[in-house]
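Please examine the sequence and the structure shown below.

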Amino acid sequence: MKVAASLDGRTALANGSSQWITGSQARADGHAWRHRAGAILSASGTVLADDPRLDVRLPGCARQPQRVVLDSRLRTPPTARVLAPPGQVLVLCALEDAARASQLRARGAEVLAMAGGDGRVDIPAMLTLLADRGINELHVEAGATLNGALVAGGHVDEVLAYVAPVLLGAGRGMADGLALGALSQADRMRFVEVQPVGDDLRVRARPLGRDAFLD
Ligand SMILES: NC(=O)c1ccc[n+]([C@@H]2O[C@H](COP(=O)([O-])OP(=O)(O)OC[C@H]3O[C@@H](n4cnc5c(N)ncnc54)[C@H](OP(=O)(O)O)[C@@H]3O)[C@@H](O)[C@H]2O)c1
């Protein structure tokens, strides 16, 4: 789970603006992490707010990871930039609207319905599907809503946070909806790296006891 955050942990202003919290070197470093992944996962909130391409823009890059968008109600517009670069795009929804699905398919996307009990995309089923398709590293670039659902479900193996030396005050955090009533309920992680990248820091943390099979 990759995030770009301010020193006070904000990933966007309250008005949704998040481009750019970190500097150009951190963003280039982020592309190298996208490149090593089998797929890049995002969600409709980010697609609608930022219209990201979610591709790898590195010199000599020959392989684009698959892009996966969780979009319960197929709100992704057919003009979304995530649909444009070469490579496969998979849009997973909870309720398939035939007209919207066909517009996205006309842009080359694969659209599948995979509803969970909460009316959103079934995250465990999505992870199983991607694993069945040979994806063994899933790089997440989403907002606090999907990040929070992934953290709450215990699906995050590593947080890759680029931290900028700026305070943003009120704004969006990294992971919503954790519903913690006491600090003791929070799942502790362990820092595995703290590395300056340009003017920012790259901080990687892993849930305790979960890193034996990583790297
Ligand atoms: N700084 C950073 O690193 C960074 C990175 C990315 C985005 N952002 C910022 O984050 C903001 C967007 O965040 P966000 O929280 O609104 O959007 P988000 O997490 O990107 O997307 C959330 C949407 O995903 C859909 N979804 C489908 N299945 C889901 C599931 N199982 N669990 C959770 N969501 C599911 C939901 O759509 P439905 O509501 O239709 O169900 C939900 O509203 C923007 O301001 C963007 O700039 C910051």
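A residue counts as buried if 20 or more other C-beta atoms, placed from the backbone, lie within 10 Å of its own. Because 5 of the 5 residues of strand 4 (residues 66-70) are buried, this strand is largely enclosed by the rest of the structure. Strands (E, at least two residues) and helices (H or I, at least four) are DSSP runs, numbered from the N terminus.

This is a predicted model, in which local features need pLDDT of at least 70 and side-chain atom pairs count only at pLDDT 80 or more, whereas totals for chains, interfaces and linings use all residues. Residues are numbered from 1 along each chain as its sequence is written.

Strand 4 pairs with strand 3 (residues 39-43) in the parallel sense over 5 bridges; two strands pair if DSSP finds at least two bridges between them. Ala 43 stands opposite Leu 70 in strand 4. Strand 4 also runs parallel to strand 5 (residues 89-93), joined by 4 bridges, and Val 69 stands opposite Val 91 in strand 5.

Now consider the ligand. Among the 28 residues around it, those that come nearest are Ala 43, Gly 45, Ser 72, Gly 143 and Thr 145; a residue is near if its C-beta atom, placed from the backbone, lies within 6 Å of the molecule. Helix 2 gives the largest share of this shell, 5 residues. Domain 1 (1-37 + 143-215) and domain 2 (39-136), with bounds from an automatic or database domain assignment, both give residues to the shell, so the ligand lies between them.

Methods: Buried ≥ 20, exposed ≤ 12 C-beta atoms within 10 Å, placed from the backbone.
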